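Could you look at the model first, and then read along?

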Number of protein chains: 2
Amino acid sequence: MVTLKQIAEELGISITTVSKALKDYPDVSKKTRKLVRETASLLNYKPNAFAVNLRTKESKTIGLIIPEIVHHFFSSVIKGIISQAEKKGYLVITLQSNESYELEKKQIDLLLNKRVDGILISLANGTGDFKHLTEVAENDVPLVMFDKIAKVVKCSKVIIDDRKAAYKATEYLIKIGCKRIAHFRGPLLPQNSIDRFLGYKEALANYNIAYDSSLVYLLDKMSFEEGKFFAKKLIEDHKDVDGVFINTDLVAIGAIAEFNNQGIQIPEALNIVGFSNWFMSSVISPSLTTVDQPGFEMGKKAFKLLYKEIKDRKKNKTITFKKVVLDTDLILRDSTK
Amino acid sequence: MVTLKQIAEELGISITTVSKALKDYPDVSKKTRKLVRETASLLNYKPNAFAVNLRTKESKTIGLIIPEIVHHFFSSVIKGIISQAEKKGYLVITLQSNESYELEKKQIDLLLNKRVDGILISLANGTGDFKHLTEVAENDVPLVMFDKIAKVVKCSKVIIDDRKAAYKATEYLIKIGCKRIAHFRGPLLPQNSIDRFLGYKEALANYNIAYDSSLVYLLDKMSFEEGKFFAKKLIEDHKDVDGVFINTDLVAIGAIAEFNNQGIQIPEALNIVGFSNWFMSSVISPSLTTVDQPGFEMGKKAFKLLYKEIKDRKKNKTITFKKVVLDTDLILRDSTK
């Protein structure tokens, strides 16, 4: 590693002058500053990032906690965050909570100890207590939540209108003639699985279709296997079902695999709508009608909000939290009539 | 933020004693060390990570550069790296090169300036010059390459035997009776697309099937769309083709979509083998016979090698670079007879 001393010796000037020149202090002449910078570059000098952090009290690093990495939607979000952060000179530390509250809590602590400049988080399904997040605010560290958020935590948020999107998905099933519509819902905790369920229920009510709780299946892991399992159960329980609105694409893809196995004609006998628009949904057979959830855009927007808050805090501006709601589209494919 | 001074005042002892106690110096009595630690914990004291970095010359952070995040194989690798790093107290900064050499070079520089403790990289397809990687070694920063490596760079590596895996895939097509076997190959630069091509060629030679270069298609972006495009071209060019070995699953999935569109019977008229075993490959119709490439294991192993090198360098041990070759399996599904 090249040191300030070596640059000073090379030029026959003092270490202090070199140090000041590199920080662009005006009490060093322009000519000297230029010379020092050129020599530093020639010798491939790299400033000690640790010392710079200590002086500026910034790490130019942010933390990101997401439930799962091998996941089309979340990996799109990560890509959006990283691409935007890089543009602004920030690096991103990614952690995966595995849907575990305990791990998420530990990871928040890790990031605070690391003194990241801000934190982005999408909550684990297991998270029902939010003290670890209020601690972030207490440490004056900017926080932005996205996708799986907690309403009670005071911070900026980027979401979609899950209730409205689910309403539209269910309404579409009604409009194409479905009378008995089942719903595969997510676990009880994350807000988005509650909201998607409420959107489903609201659409039924608005079109005078009686709500039947036996048509709603509560899923836990939201996996391909669960999709297969509950598809089988649904057919056993309800011979008359003609439509299913499924909380997420991966589960819907599992359900379609099971319906295909059992020789059930999609969409003739059964219409299916998913949620998220995983790439996979466009290539399976039949392809899946689904709600397009803009992961890449969500990641970009979440970073932008965080960046603004970091800058505003440095300028001692008053912080006002924003809630950004991104638009969704219903993508029509072959799993519905 | 709680300071050492506040802890000192709380206990009526000097700041130096508090500082030494927290670093577990033996010249502070055991009793005092315990008392200081308890008080620090009670006051929710967090050491200044920047000062700790400066003192220990460690960031406990590593850098990871991969070509693409929204990608089943690479996201599995990231998951393997992050899970293993977290166990050892390391955080991971992830950057995406977008298959661009220029971006990759810039990112290596970013990570070196950041003073990460080590770097993990899978090369961009565009990378044909390796000066930026030899610079990592010159800066005494441990480097491990995985999947898309450069043979000439001196560092530890984790790969699969691409040539052997491709040989077995092609051999399987021959054994089930294929006589005219096409190959969709990757770009000219990354070693693994060369090796997969060589494995294909070697299998043909060993089974006395004449090599026909017009049956080999050179792909660029390795995308779903390219798969469709070259599937169409293949059928136009060669009416007699009965097998295709395709460099990666995403392309194979695109090709299957096109063959399905054109009403070509798979596997009766055409047998297809992919490479990587994306989750998607098991749910499309027909499901894809493919080489299983262990991404999660590769990520874990790559971090383990990096970790060992970090530790060995700290102890001034001699560093010997390792090359780890992970096993692959051919997964038989419905796209082959």
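Predicted model: local features only at pLDDT ≥ 70, side-chain atom pairs only at ≥ 80, totals over all residues.

Trainee: Into which domains is chain A divided?
Mentor: Let's follow the assignment along the chain. Residues 59-159 and 295-327 together form domain 2 of chain A. The other two are domain 1 (4-47) and domain 3 (162-293).

Trainee: How many residues does domain 2 of chain A give to its contact with domain 3 of chain A?
Mentor: The centres of these two domains, taken over C-alpha atoms, are 30 Å apart. Residues are in contact here if their C-beta atoms lie within 7 Å. Domain 3 of chain A brings 10 residues to the contact, and domain 2 of chain A brings 13.

Trainee: How many nonpolar residues are on the side of chain B that touches chain A?
Mentor: In this contact, chain A takes part with 31 residues and chain B with 30. Among the elements giving two or more residues to the chain B side are helix H5 (72-87) and strand S2 (91-96) of chain B. That side has four charged residues, eight polar ones and, as the nonpolar count, 18.

Trainee: What kind of axis relates the two copies?
Mentor: Chain B superposes on chain A by a rotation of 180° with 0.0 Å of shift along the axis, at RMSD 0.1 Å. The copies are therefore related as by a two-fold rotation axis.

Notes
Residues numbered from 1 in each chain as written. Chains lettered and ligands numbered in written order. Domains from an automatic or database assignment. Contact = placed C-beta atoms within 7 Å. Helix = DSSP H or I, 4+ residues; strand = E, 2+ residues; numbered from the N terminus. Nonpolar A, V, L, I, M, F, W, Y, C, P; charged D, E, K, R; others polar. Least-squares fit on C-alpha atoms with pLDDT ≥ 70 in both.
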